[in-house]
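Morning, everyone. Let me put the model up, and then we'll walk through a few local features.

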Amino acid sequence: MEALKVLIGDGSSFMRIMLTSALDSLGLKVVATAKDGQEVAEKYSEFKPNIVLLDLAIADVNDFAAMRAIGHDNPSAAIILMIPEKMDMADVIVDAVRAGAKGYMRKPISPSELKARIGSALRR
Amino acid sequence: MAKEKELNILLVEDTEEHALLIKRALEDGMLKPRLFWVHDGEEALDFLYHRADYADEREYPRPDVILLDLRLPGISGVEVLEQIKKEEKLKDIPVTVLTVSDEDEDILRCYQAGARGHVLKSAALADRASAQGILDAIVLLG
């Protein structure tokens, strides 16, 4: 089966590297990373990934422009929003889903937890 | 040689078709977790509290991740989630809610009740490849 293509949109270069490494370990192919909303929309258009992991901090919460651009391209695009755990983002979540997010995951995603989970998976 | 710690997932899903798609996707993926499937909220709580058929803690271990359908017969998914988050021994287990609903109120309730993640089944189960990728990602990252 062809590896699933993933686009990571995150303002932090550390997170981009960590997530790329983690997803590569799982056999998912990170085809591109992007540091801001505009780049996310551009990279989506270029690479047509199966999944977009998008950090809320670069998701342009006023209008979700990048998500809307992707949704215009492909209404069924699997955009999963990564949101800060400590912030109350309840109002934003609803707007995000209306704008095309197909789900959310809360941050932080810690390197040690990721390592442990991947380790568990790969030891089997 | 004894296996090292496995990734244990509790799937709470009353729709057999969805449960089988999720099971197949997780088996296809890289994580290859040990999956425990229960059909409703009451059975989920029995599993988590080691009651009834789930009394054996070694056979039915504390899950590392819970995938929870929102619309369940009897005790709802949100009620199960709220119960998990109230319980000191269970509250740290990450729960990702799977739902067919994109209704604002459902999503808000999951979020406010402490779900670690929420995924629309329409995206997660769109096709075999997407199901595998999204489920691996949410189990790993969620």
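B:Ala52 sits in the loop that links helix H2 (41-48) to strand S3 (65-69) of chain B. Helices here are DSSP runs of H or I with at least four residues, strands are runs of E with at least two, and both are numbered from the N terminus. Phi of B:Ala52 is near 50°, a positive value in a residue other than glycine. Most residues other than glycine have a negative phi. Is B:Ala52 buried or exposed? B:Ala52 counts as exposed, because it has 11 C-beta neighbours inside 10 Å. The cut-offs: buried takes 20 or more other C-beta atoms within 10 Å, exposed takes 12 or fewer, partly exposed is in between, and C-beta atoms are placed from the backbone.

A word on the source. This is a predicted model, where local features need pLDDT of at least 70, side-chain atom pairs count only at pLDDT 80 or more, and totals for chains, interfaces and linings use all residues. Residues are numbered from 1 along each chain as its sequence is written, while chains are lettered from A and ligands numbered from 1 in the order in which they are written.

Chain A has a positive phi to show too. For A:Lys48, phi is near 45°, and the residue is not glycine. A:Lys48 belongs to the loop between helix H2 (37-47) and strand S3 (51-55) of chain A. A:Lys48 is partly exposed, because 13 other C-beta atoms lie within 10 Å.

Now chain A as a whole. Chain A holds 5 helices and 5 strands. Their order from the N terminus is β-α-β-α-β-α-β-α-β-α. Chain A has 124 residues, and 44% of them count as buried. Next, contacts: two residues are in contact if their C-beta atoms, placed from the backbone, lie within 7 Å. Take the contacts in chain A between residues at least 6 apart in sequence: 64% of them join residues at least 24 apart.

On to where the chains meet. A:Ala90 is in helix H4 of chain A. Which residues does A:Ala90 touch, not counting those up to four places away in sequence? They are B:Leu108, B:Tyr111 and B:Gln112. A:Ala90 counts as exposed, because it has 12 other C-beta atoms within 10 Å.

Last, helix H4 (residues 104-112) of chain B. Its buried residues are B:Asp106, B:Ile107, B:Arg109, B:Cys110 and B:Tyr111. Their cover includes helix H4 (90-98) of chain A, plus helix H3 (77-86), strand S4 (95-99) and strand S5 (117-120) of chain B. Just after H4(B), B:Gly114 takes a positive phi of about 100°.
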